[in-house]
Amino acid sequence: MNTKYVVFADDLLRMFTFSSRDETRYYLGGVNLRPATKGVFLEASDGSRAGLLKMDTGIAPDSGAPLIVSGDKNVIATLKRREKIKSLHWAVIDPEAQRLSIVVANESTEALVPEKSREIASVANALIVDGVFPNLGNVLPTKVAVAISGPICINPLLLADFAKMSNEKTVHTVLFNDANNDDLLAHQRAMIIRVSGRPDFVGVLMPAKSVYTLDEALPRWLPKKPPKDVADKAA
């Protein structure tokens with residue numbers, strides 16, 4: 001009987017980009033792991049954005065119980081441990097011992113077998129044991145927007161963080177409507193974020209309320225387009 005989660009150490013580390021630093025929302029201060037039909041879901045959110053990764057090669061415990069891996073600095077430091085070899089680095093999380101280990105092995109299944117793997121680092125107290133991670137299904141949009149009701153304001157730093165999920169550094173964004181309310185303003189609509197090279201990842205970003213109206217979208221000081229006859233003479 002398997003009692004542990006096994007996921008790519010690199011991807012688990014990347015997912016902490018989307019976790020919260022707010023100590024009052026401690027249950028958002030880590031990455032939630034839960035079983036998928038095949039593999040493991042990794043999810044994180046800070047309230048303004050969220051990331052969901054489906055890792056088909058991951059392993060979930062037979063109990064199917066979800067757990068939240070802590071974003072504690074010792075956990076992050078352990079996840080960064082690497083050996084300069086071609087073998088894969090796996091994060092093996094033991095819920096009973098609240099322990100995270102970095103294991104070198106060719107496959108996730110081998111990471112559970114001591115004879116076929118090698119542990120290079122570990123950390124105790126690696127889990128957030130209190131609190132329940134929110135259901136991201138409540139914020140994931142399900143319907144394409146057909147109209148924009150106002151300007152959209154996005155924090156470019158938050159958007160750029162999504163590119164960390166891929167080495168290609170290309171982010172694709174798609175605007176979606178809330179499935180339950182077609183009358184939402186643009187700044188209330190969640191944006192689905194897709195990252196080039198990562199079909200296994202989807203992000204969600206909540207736009208901020210714009211400080212500009214549609215009438216103010218273009219600055220008043222922009223040069224005016226010259227009349228057609230003047231433009232023709234200039235040409």
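Trainee: Before we start, what does "partly exposed" mean?
Mentor: Partly exposed lies between two cut-offs: buried is under 20% relative accessible area, and exposed is over 50%. Keep in mind that this is a predicted model.

Trainee: So where does Arg82 fall, buried or partly exposed?
Mentor: Arg82 has 32% relative accessibility, so it counts as partly exposed.

Trainee: Which residue does Arg82 form a salt bridge with?
Mentor: Asp10. Their closest N and O atoms are 2.3 Å apart. The pair links distant parts of the chain, 72 residues apart. Asp10 sits in helix H1, while Arg82 is in the loop between helix H2 and strand E6.

Trainee: And Asp10, buried or partly exposed?
Mentor: Partly exposed, at 43% relative accessibility.

Trainee: New topic. How many salt bridges does the structure hold?
Mentor: It holds 11. One of them joins Asp161 and Arg49, at 2.7 Å from N to O. Asp161 lies in helix H3 and Arg49 in strand E4, so the pair ties together parts 112 residues apart in sequence.

Trainee: Are those two buried or exposed?
Mentor: Asp161 is buried, at 15% relative accessibility. Arg49 is buried too, at 8%.

Trainee: What about Glu43, which residue does its side chain meet?
Mentor: Arg34, in a salt bridge of 2.9 Å, N to O. Glu43 counts as buried because its relative accessibility is 3%. Arg34 is partly exposed, at 28%.

Trainee: Last one. Which residues are linked in a network of salt bridges?
Mentor: Asp11, Arg14, Arg198 and Asp200.

Note on methods
Residues are numbered from 1 along each chain as its sequence is written. This is a predicted model: local features need pLDDT of at least 70, side-chain atom pairs count only at pLDDT 80 or more; totals for chains, interfaces and linings use all residues. Side-chain values use heavy atoms; hydrogens and water are left out. A salt bridge is a side-chain nitrogen of Lys or Arg within 4 Å of a carboxyl oxygen of Asp or Glu. Helices (H or I, at least four residues) and strands (E, at least two) are DSSP runs, numbered from the N terminus. Buried means under 20% relative accessible area, exposed over 50%, partly exposed in between (1.4 Å probe, protein chains only).
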